[in-house]
Amino acid sequence: YALQSFGAKGLVEVKVISREKGIAIPATWANVRAELEGSATPHILAFLGHADHALGHAGGTQAGRLQFELEDGEEAEPVTAAILNTELQSFPVPVVLLAGCYTAADLQNRAAIDPLVPDWMRAHQGVAQALINSSSGVQIAVGMRYRLDTSDATRFLTKFFQTLIDVPTPQLDIRGDVELAVRAARFELSVNPQANG
């Protein structure tokens with residue numbers, strides 16, 4: 001897994017939850033909660049996975065949700081921003097990166113731009129915005145407005161962490177500028193959009 005190499009620099013400790021060979025910790029909501037509730041709550045939570053929208057009640061506002069694996073690996077458990085918010089109130093993480101489709105979509109505004117967006121998705125608030133608007137303790141939430149290929153999500157996260165760790169902020173001679181890292185990751189995707197093969 002590409003991001004694990006950053007831990008070797010001694011600057012960060014990376015904990016990956018994945019079924020991938022060599023890790024073998026299913027990305028279930030229970031496993032993520034256990035990590036959040038562990039002895040050292042992370043400074044950054046990065047989610048690379050599926051996201052969608054829960055249908056609202058009789059035309060009501062829809063809620064964004066993240067899809068975590070179930071133990072069997074065949075099905076998913078939807079976790080809404082409200083559930084995530086409740087967990088993060090007790091175990092706050094200052095920066096949350098959501099590399100999943102529509103995790104930052106304000107589809108009420110997008111509807112004016114894209115008339116093909118289905119009606120059930122209108123008036124939706126993405127998970128990232130919902131976390132910022134809540135009492136979760138999240139200071140910075142980065143989400144995706146549109147669909148995102150896995151390869152693009154991986155490229156985004158890799159460039160984000162490379163910039164966060166490797167590029168010093170000149171005025172302060174420190175590393176860790178989250179906004180700079182987000183800009184660099186967005187730029188990476190915009191200048192090389194065909195790299196996802």
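A salt bridge is a side-chain nitrogen of Lys or Arg within 4 Å of a carboxyl oxygen of Asp or Glu, and by this rule the count comes to six salt bridges. This is a predicted model, in which local features need pLDDT of at least 70 and side-chain atom pairs count only at pLDDT 80 or more, while totals for chains, interfaces and linings use all residues. Residues are numbered from 1 along each chain as its sequence is written, and side-chain values use heavy atoms, with hydrogens and water left out.

Of its 197 residues, 37% count as buried, where buried means under 20% relative accessible area, exposed over 50%, and partly exposed in between (1.4 Å probe, protein chains only).

Next, colour the chain by pLDDT, the predictor's confidence in each residue, from 0 to 100. The average is 76, and 71% of the residues score at least 70. Where pLDDT is low, the predicted coordinates should not be read in detail.

Now select Arg33 and Glu87, which form a salt bridge whose closest N and O atoms are 3.0 Å apart. Arg33 lies in helix 1 and Glu87 in helix 2 (residues 81–90), so the pair ties together parts that are 54 residues apart in sequence. Arg33 is partly exposed at 35% relative accessibility, whereas Glu87, at 7%, is buried.

Move on to Asp52 and Arg65, a salt bridge with its closest N and O atoms 2.6 Å apart. Here Asp52 sits in strand 2 (residues 51–54) and Arg65 in strand 3 (residues 63–69), 13 residues apart.

Finish at helix 6 (residues 178–191), where Phe187 is found. Phe187 is exposed, with a relative accessible area of 55%, and its C-alpha atom is separated by 9.1 Å from that of Phe156, 31 residues apart along the chain. Then select Glu188, which forms a salt bridge with Arg155, the closest N and O atoms being 3.6 Å apart; Glu188 lies in helix 6 and Arg155 in helix 5 (residues 150–166).

Notes: Helix = DSSP H or I, 4+ residues; strand = E, 2+ residues; numbered from the N terminus.
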